[in-house]
Amino acid sequence: MTENLSVKNRSLQEWLFYLEGIDPNRIELGLSRVKAVAAKLNLLKIAAYTIEVAGTNGKGSTAALIAGALNKSGIKTGLYTSPHLHVFTERVNIGGKNVDESLLCRAFYAVYEAAGQCGVNLTYFEYTTLAAFYCFKAENVQAAVLEIGLGGRLDAVNVIDADIAVITSIGLDHTAILGNTLARIAYEKAGIIKRGAVACVVGKVDTQALEVIEAKAKAENVSLFCEDRDFKADFSDDGFCYRQGSMTDFYPLPEIPYICAATAITVLNLLKNLGAAITGSAVNAALKTVSLPGRMQKICSFPAIYFDVAHNPPAALHLKQSLGRLPQTQGIKRAVVGMLKDKDIESVLHILKDSFDMWYVASLPGVRGQSKERLRDALAQELGENAVSCNKIKDYTCVKDALHAAVDEASAADTIIVFGSFVTVAEAGDCVDAIVK
């Protein structure tokens, strides 16, 4: 009894320390363990409307916009995203606010107890996912918007059957786990499409991937809505025109990446058809205000500093396009970059090699963090070896030092982009206020 009380009274920091100590390699794949615990806690149905959002890129922003429009319409919504940048409670948002720590601790204890009663072990992500579900049910959310962490078919979020499944994009990332072809990755993500769902909404994807998704939707008898076939958005300087069938609407430019907007609008229209009282003014307000930190997030001006978590080739291409939309200045563009070992570093740098005048590469901590030497050498192959000798590429032992150097050398007209990983952006965020004064 004493031991259980000590577990029950853990702080959030103590729970996170416990969860971070779980070895994921000791636990078998599959959803059976998660489903057993979810059933024990009565968490297989947590809201009147459940939307699951998968994709290589854009899923967090798409989920945030959907949840934002629902909340602004007076529909209490739970939003689950990962990873977080600064505080863990960013992952679990209820009604537009991060979850209360005491509720989250109660949720972790409930999951801990139920897992013990079911005789199963859970991974870090499985614990956090079930805890989020517990919080949403405890707070009686009307809608749940759930971002898939990795893949889809075997992701812990997929233990719940979605009313609307969303696949924002398909690209090559996490290939060691999901497969090294677009078709294989699409198969994993299409695993969130299940019989009984109202629809699946798909953003812009390659033909090879779309064929896999179409086959899954047909097998499950689920209606499919595909961007550029069933709906589309045309952007101008003052907004975008959204078209679906004979319907045409004009919306303000979104704060989230433009590529996510049409998919989110389509989901919201489907929810309205299901009876959700979503208002046009709420959708417009969400478009104007909702964003996720670290997605071309402007931190300050003079010099302009942006944070972007781009870490794979599709995200790098989107970052390149976003750079082209920035206001033109006489200053130079400086990149502060740190990446993880399991990412396609060469492809990311190849896409962005002509987008910056100066590069500040940094080592990231931990066993997954890539060294500054590897980044420098990969970049030198793209830019030419003389880029090192002429100081176009500089390397640093940490992101803080790299950002400090970039700011020190920048003029007021320059632009600094910090990118390469959630870890990179988080480290930059922790130190930027001290550097930029």
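**Entry 1, backbone in the loops.** I began with aspartate 228, which is found in the loop between strand 8 (223-226) and strand 9 (231-236). The model is a predicted one, and in it the phi of aspartate 228 is near 75°, a positive value in a residue other than glycine. I noted this since most residues other than glycine have a negative phi, and most peptide bonds are trans.

I then turned to phenylalanine 302, which has a positive phi of about 55° although it is not a glycine. Phenylalanine 302 is placed in the loop between strand 12 and strand 13. Is phenylalanine 302 buried or exposed? Phenylalanine 302 counts as exposed because its relative accessibility is 68%, and the cut-off for that class is over 50%.

Phenylalanine 302 is also joined to proline 303 by a cis peptide bond, with omega about 0°. I found proline 303 in the loop between strand 12 (297-300) and strand 13 (304-307). Another cis peptide bond joins serine 82 and proline 83, with omega about -10°, and proline 83 lies in the loop between strand 2 (77-80) and strand 3 (92-94).

I looked up the ring pairs next, and the count comes to 17 aromatic pairs. One of them is formed by tryptophan 15 and tyrosine 18, an edge-to-face pair with 6.0 Å from centre to centre and 80° between the planes. It counts as edge-to-face because the angle is over 60 degrees.

Where do tryptophan 15 and tyrosine 18 lie? Both are in helix 2 (residues 12-20), three residues apart, which is about one turn of the helix. Tryptophan 15 is buried, with a relative accessible area of 0%, whereas tyrosine 18 is partly exposed, with a relative accessible area of 29%.

I also checked what sits over these rings, and the charged end of arginine 10 lies over the ring of tryptophan 15, 4.6 Å from its centre. The charged end of arginine 10 likewise sits over the ring of tyrosine 18, 4.5 Å from its centre. Ring pairs link Trp15 and Tyr18 with Phe88, Phe108, Tyr112, Tyr124 and Tyr127 into a cluster.

In soluble globular proteins, nonpolar side chains tend to be buried together. Which members of the largest nonpolar core touch the most others? Of its 65 residues, these are Phe108, Leu122, Phe136, Ile170 and Ile213. Helix 5 (residues 101-118) gives the largest share of this core, nine residues. A second, separate core has 40 residues, among them Cys260, Ala262, Val267 and Leu287.

I looked at leucine 103 as well, whose place is in helix 5. Leucine 103 is buried because its relative accessible area is 6%, and the limit for that class is under 20%. From leucine 103 to leucine 270 the separation is 167 residues in sequence and 32 Å in space, C-alpha to C-alpha.

About 30 Å³ of space lies in the largest cavity. Its lining is made up of Tyr251, Ile265, Leu268, Asn269, Lys272 and Val283. By class, this lining has four nonpolar, one polar and one charged residues, and helix 10 (residues 258-273) contributes the largest share of it, four residues.

Technical notes: Residues are numbered from 1 along each chain as its sequence is written. This is a predicted model: local features need pLDDT of at least 70, side-chain atom pairs count only at pLDDT 80 or more; totals for chains, interfaces and linings use all residues. Side-chain values use heavy atoms; hydrogens and water are left out. On a 1 Å grid over the protein atoms alone, a cavity is a set of points where a 1.4 Å probe fits but cannot get out, and a pocket is an open set with protein on both sides within 12 Å along at least five of seven lines; lining residues have an atom within 4 Å of a point. Grid points are joined across faces, edges and corners, and a volume is the space filled by probe spheres set on the points. Helices (H or I, at least four residues) and strands (E, at least two) are DSSP runs, numbered from the N terminus. Ala, Val, Leu, Ile, Met, Phe, Trp, Tyr, Cys and Pro count as nonpolar, Asp, Glu, Lys and Arg as charged, and the others, Gly among them, as polar. Rings of Phe, Tyr and Trp (its six-membered ring) pair if their centres lie within 6.5 Å; planes under 30 degrees apart count as stacked, over 60 as edge-to-face and the rest as tilted. Buried means under 20% relative accessible area, exposed over 50%, partly exposed in between (1.4 Å probe, protein chains only). A charge sits over a ring if NZ of Lys or CZ of Arg is within 6 Å of the ring centre and within 35 degrees of the ring normal. A nonpolar core is a set of buried Ala, Val, Leu, Ile, Met, Phe, Trp, Tyr and Cys residues joined through side-chain atoms within 4.5 Å.
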